[in-house]
Amino acid sequence: MNILIADDNKIARETVKFHLQNTTHTIFEASDGAQTLSLYEKHDIDVILLDLKMPKISGIEIIRTIRKQQSKSYTFLIVLTVDNKDDTFHEAFEAGADDVIIKPIHASLLKYRLETGERLLQMQDWKSLIYALAQMIESRDTMTGDHIDRVQSITKIIANTLKDMGHFSMVLTPKYIEELALASTLHDIGKIAIRDEIMNKQSSLTPEEYEKMKNHPIKGYEVLTALEEKRISINFMDTVKNVVLYHHERYDGSGYPYGIDGEDIPLEAQIVGLADVYDALISARVYKPPYSFEKTRQIILDNKAKYFSPILVNAFIKAEDQIKNHAST
Ligand SMILES: [Fe+2]
């Protein structure tokens, strides 16, 4: 790939170059904003590693300028910053950044983020886009393991069971269920905007950290909206957006981010929400051991008409053998 390192600090540029020394990438360097845009215009730059605080033109302005370009192929923008603040993250993503790395940069982290960028750039169709995004989410969350794959499978089982039981038969077409299963892989896409130390924390989150984590549905929605603005979209974006934004809402209104309840919660978000909770219960987390299937089943039953719609819990119970067998495979 053609990688442009844009940083006014020579030592910072040298550090990134050092990390990339054994790769086949072609490296360009810019020491200010004007030079960054000039090199971007002259060459086919695949990735820009961009410092936000640069003379002449700021990093944010550069991102906005590049995102306005319609004629050039997509450039993956990774912001490098020492400013570990939510506002900085928000501003960068809102402007159109794809990723943020906090300095000092670790070689392996940079390598993985560049690989993610490369995968996104190589995407041929929306399935590849979804796969790449799902991988990006999983690479950010060391605790999930195969969480995304399991949520996808369980989502499919519950949706098919609901259909077999005669519920939502107009909605739950095979095509919709296939799309919903794919959409479920993106449910936590907003976690890419949550800081590394919260994502990778090996103990329970503090109340303050938990509040930040609770922003991930809204952050995810913002990422999807930003993708749409860059004309990267999929044909069932509304389903994906509903899953991302509402998968932590609960039937009794006790969820987040909005506390909506009952059938106001889109069906797709209810199904993925149940699959997500099931997998969190059955799996080990830093704050809990893995629960047995029986204990997990009981917690879900206890939350019938509380966290979960009664119809969904009925479908879960009807499909329990299938879900249990899936969990043990
Ligand atoms: Fe989530």
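1. Leu274 sits in helix α13 (residues 267–282). Leaving aside neighbours within four places in sequence, Leu274 is in contact with Ile158, Phe308, Leu312 and Phe316; contact is taken as C-beta atoms, placed from the backbone, within 7 Å. The C-alpha atoms of Leu274 and Lys304, 30 residues apart along the chain, are separated by 11 Å.

2. Before going further, please keep in mind that this is a predicted model: local features need pLDDT of at least 70 and side-chain atom pairs count only at pLDDT 80 or more, while totals for chains, interfaces and linings use all residues. Residues are numbered from 1 along each chain as its sequence is written.

3. Now the overall picture. The protein has 16 helices and 5 strands, where helices (H or I, at least four residues) and strands (E, at least two) are DSSP runs numbered from the N terminus. With 329 residues, a compact globule would have a radius of gyration near 20 Å, and the 21 Å of the protein agrees with that; the radius is taken over C-alpha atoms, and the globule rule is 2.2 Å times the number of residues to the power 0.38. Along its principal axes the C-alpha trace spans about 60 × 40 × 35 Å. Of the 329 residues, 38% count as buried. Among contacts with a separation of 6 or more, 65% come from residues 24 or more positions apart.

4. The protein is divided into domain 1 (2–121) and domain 2 (126–328), with bounds from an automatic or database domain assignment. The contact between them takes 10 residues from domain 1 and 11 residues from domain 2. On the domain 1 side, α4 (86–95) and α5 (107–121) each supply at least two residues, and the largest share, 4 residues, comes from α5. The residues of that side divide into 5 nonpolar, 3 polar and 2 charged. In this count Ala, Val, Leu, Ile, Met, Phe, Trp, Tyr, Cys and Pro are nonpolar, Asp, Glu, Lys and Arg are charged, and the others, Gly among them, are polar.

5. Which residues touch the most other members of the largest nonpolar core? They are Leu49, Ala92 and Ile158, in a core of 79 residues. The largest share of this core, 9 residues, comes from α13, and the core draws at least three residues from each of domain 1 and domain 2. A nonpolar core here means a set of buried Ala, Val, Leu, Ile, Met, Phe, Trp, Tyr and Cys residues joined through C-beta atoms within 7 Å. Not counting residues up to four places away in sequence, Leu49 touches Ile3, Ile5, Ala6, Val16, Ile78 and Leu80.

6. Helix α2 (residues 33–42) is worth a look in the viewer. Its buried residues are Gly33, Thr36 and Tyr40. They cover an arc of only 55 degrees around the axis, which puts them on the same side of α2; the arc is that of the directions from the helix axis to the C-beta atoms. These buried residues pack against β1 (2–6), β2 (26–30) and α3 (59–68). The face turned away from the buried side carries the exposed residues Ser38, Glu41 and Lys42.

7. Just after α4, Gly96 takes a positive phi of about 125 degrees. Gly96 is partly exposed, with 19 other C-beta atoms within 10 Å.

8. Finally, some backbone details to check. Most residues other than glycine have a negative phi, and most peptide bonds are trans. A cis peptide bond joins Lys103 and Pro104, with omega about 0 degrees; Pro104 is in the loop between β5 and α5. Another cis peptide bond joins Tyr256 and Pro257, with omega about 10 degrees. Lys56, in the loop between β3 (47–51) and α3, has a positive phi near 75 degrees. Ala305 has a positive phi of about 65 degrees although it is not a glycine, and Ala305 counts as exposed with 12 C-beta neighbours inside 10 Å.

Definitions and conventions. Two residues are in contact if their C-beta atoms, placed from the backbone, lie within 7 Å. A residue is buried if 20 or more other C-beta atoms lie within 10 Å of its own, exposed if 12 or fewer, and partly exposed in between; C-beta atoms are placed from the backbone.
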